[in-house]
Amino acid sequence: MVEDLDPSSADAGVPAHFGDPMKEQRLLETAVGVVDRSNRDVLAVPGDERASWLHTLTTQHLAGLAANQGSELLVLSPHGHVEHHALVTEDGTTAWLDTEPGAGAGLLKYLEMMRFFTRVEPRDATSEIAVLSLVGPAAADMFPELAAPRIGAVPGPKFAAGSVPPGATAVYDVRPFEGGLARRVPLGVDLLVPRHAKTSVIEKLGVPRVGLWAYEAIRVAARVPRLGHETDHKTIPAEAGFMAAAVHLDKGCYRGQETVARVHHLGRPPRRLVLLHLDGIATDHPPAQGTPVELDGRAVGFVGTAVRHHELGMVASAVLKRNVADDARLTVGESAAAIEA
């Protein structure tokens, strides 16, 4: 039985599950499954100056990005708030940016505004390219040519800090696949394939199909942030877990860099991303994104993504004020909540 996501959901258009969401989660934690994430928006950026141009506009060091490499990037506001997040995959002629469903138009508008006389031609390629994700410990075995994220593929960050794990300078390896690209990422391997070939690629992979519910549960447990879920209008990169993968700490000036540098040097950003355990006694429905997290009746943060995890029960990513103690007795709607330290 295939169940699609609610048409009102931000993730509408892809399967939610194939009959047993908990079994699908266990599969992603022990073996490998393929998740249809073709609802993601995709932009194409061809042009001789694409790498240097994207380097100047974003938080990532992309000046030397070569064919068959990938990375992550953010676009910040002048005050350092997260406006856009994308994964970038370079094939030697084009940089492909995939971002959240519905976020592509805003990112493309920004890129077009910043073209000036640069030799680039950004366009919406969502109708051309679909994203599929192979998730699980056996995902990498299907593409042994893909190495783990490589440290040192771009210049290392100048300022070492415990808040930025060693993977901060990683670049993801990429290889051609079925007319598209395979990219090693933290949760497994993403495939960027021609949209018209999506069904045939899934069949050729020969691994079980898994719905987005299971993918989201694995993502939340791994504390991987999502734009528009673990972010609001005032989120800065250090608050939502974007620093390690998407921000380089020693590159040329970009919009919002002052805030990144100030928070990095002073430490302790105003908020932090945490995993909450919800008791689920009053209700078995996960709270909606944006639901306030309260301490003694006072809002101290918001829910990013709430899921039912096959081992952890009902859990949620949440962004909380930095001064909320790990043992604080929190509430989310009618549920009691506890921080996983």
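This report walks through a predicted protein model, going from the whole chain down to a handful of residues.

## The chain as a whole

Let's start with the big picture. The protein chain is built from seven helices and 19 strands. Its radius of gyration is 20 Å, and the globule rule gives 20 Å for 341 residues, so the chain is as compact as a globular protein of that length.

How do the contacts run along the sequence? Take the contacts between residues at least 6 apart in sequence: 68% of them join residues at least 24 apart.

## Inside, outside and charge

What share of the 341 residues counts as buried? The figure is 53%.

Now for the charges. There are 33 positive side chains and 42 negative ones. The centres of these two sets lie 5 Å apart.

## Ser317, a buried residue in a strand

Time to zoom in. Ser317 sits in strand 17, which covers residues 313–321. Is Ser317 buried or exposed? With a relative accessible area of 6%, Ser317 is below the 20% cut-off, so Ser317 counts as buried.

Its side chain has a partner too: the side chain of Glu230 makes a polar contact with the side chain of Ser317, at 2.5 Å. Glu230 also turns up among the contacts of Ser317 once you set aside neighbours within four places in sequence. Others on that list include Val220, Leu273, Phe302 and Thr305.

## Two buried residues in loops

Next, have a look at a couple of loops. Asp11 is in the loop between strand 1 (3–4) and strand 2 (15–17). Asp11 is buried, because its relative accessible area is 8% and the cut-off is under 20%. Leaving out neighbours within four places in sequence, Asp11 is in contact with Leu5, Asn39, Pro101, Leu212 and Arg226.

Ile236 belongs to another loop, the one between helix 5 (212–221) and helix 6 (243–246). Ile236 is buried as well, with a relative accessible area of 8%. Here's something to check on the structure: Ile236 and His79 are 157 residues apart in sequence, yet their C-alpha atoms are 8.8 Å apart in space. Not counting residues up to four places away in sequence, Ile236 touches several residues, among them Gly80, His81 and Val82, along with Pro269 and Pro270.

## Two residues with a positive phi

Last stop: backbone angles. Asn68 has a positive phi of about 65°, although Asn68 is not a glycine. You can find Asn68 in the loop between helix 2 (50–57) and strand 5 (69–76). Its relative accessible area is 31%, which makes Asn68 partly exposed.

Phe116 has a positive phi too, near 50°, and is a residue other than glycine. Look for Phe116 in the loop between helix 3 (104–113) and strand 8 (123–124). How exposed is Phe116? Its relative accessible area is 63%, and exposed means over 50%, so Phe116 counts as exposed.

Terms used: Residues numbered from 1 in each chain as written. Predicted model: local features only at pLDDT ≥ 70, side-chain atom pairs only at ≥ 80, totals over all residues. Heavy atoms only, no water. Helix = DSSP H or I, 4+ residues; strand = E, 2+ residues; numbered from the N terminus. Rg over C-alpha atoms; globule rule 2.2 N^0.38 Å. Buried < 20%, exposed > 50% of the residue type's maximum accessible area, 1.4 Å probe, protein only. Contact = heavy atoms within 4.5 Å. Lys, Arg positive; Asp, Glu negative; His and termini not counted. Charge placed at Lys NZ, Arg CZ, Asp CG, Glu CD. Polar contact = N/O pair within 3.5 Å; in protein donor to acceptor, adjacent residues only side chain to side chain.
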